[in-house]
Amino acid sequence: MTRTRLTAILTTSALIATGVVGTTSAHADDAPPGTEISAAAPVKVDPNDPDLKLPDGATLAQAKLLDIKSVVEDQSGDERREDTNTSVTFALQAEVLFGKDSAKLGAEAKSRITGIAEEIKNQNATRVRVFGFTDNLGSSAHGDVLSKKRANAVHDILTETLNDAGITYEVRGYGEQYPIADNSTEAGRKKNRRVEVSFPRTEG
């Protein structure tokens, strides 16, 4: 199965020092006039400038490493995996799991959910969330009910496959809330009709 890596983001907090050496910035080709990159040496900065110093008694916050997020999606878009430092989330499109306007799982759906169960085992997860979502077509009330039924169906296969009383499940149906794509197009609505399974990563 061909997979396409969509994005990987690493963000760290910046530190302000009392002495600044220089700054380098990149601009797009269509940047406004006057913002082009110059080959000239960086502008000299006076390290004694009071505007670059912390007020007396002030301290910098401790440097902090923010979350890393990696997203991998099937070329077809049927399945999406999101990894962060702390959790794993699988998003399966409803068309892969269910018939139209149905909460009955097909044979292919069960094999995909079994694969997710294996990853839950590998991570030794003891808390699993199963959330269902729909697009914004039809009534909001209908979407809420359908998304919960679909989440329950996925939960049932997970519990049957894992057979582990030590795992706590949280199962919810959010209907059209929290879309991940534009509901004004069918391609976007297809992405929004999904069931997400998430659980913590193994520490260390």
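**Helix α2.** I began with helix α2, residues 107–122. Its 16 residues reach 23 Å from the first C-alpha to the last, close to the 22 Å expected at 1.5 Å a residue. I kept in mind that this is a predicted model.

Next I asked which residues of α2 are buried. I found Ala-109, Arg-112, Ile-113, Ile-116, Ala-117, Glu-119 and Ile-120. Seen down the axis of α2, these buried residues fall within an arc of 160°, so they line one face of the helix. I then turned to the face directed away from that buried side; Ala-107 and Asn-122 are exposed there.

I also checked what comes just after α2. Asn-124 takes a positive phi there, at about 55°.

**Strand β5.** I moved on to strand β5, residues 127–133. Of its seven residues, five are buried, so the rest of the structure largely encloses the strand.

I looked up the pairing of β5 with two strands. With β6, residues 168–173, β5 pairs in the parallel sense over six bridges. With β7, residues 194–200, β5 runs antiparallel, and five bridges join them.

In β7, the bridge partner of Val-130 is Val-197.

Key:
Residues are numbered from 1 along each chain as its sequence is written. This is a predicted model: local features need pLDDT of at least 70, side-chain atom pairs count only at pLDDT 80 or more; totals for chains, interfaces and linings use all residues. Side-chain values use heavy atoms; hydrogens and water are left out. Buried means under 20% relative accessible area, exposed over 50%, partly exposed in between (1.4 Å probe, protein chains only). Helices (H or I, at least four residues) and strands (E, at least two) are DSSP runs, numbered from the N terminus. Two strands pair if DSSP finds at least two bridges between them. The expected span of a helix is 1.5 Å times one less than its number of residues. The arc is that of the directions from the helix axis to the C-beta atoms.
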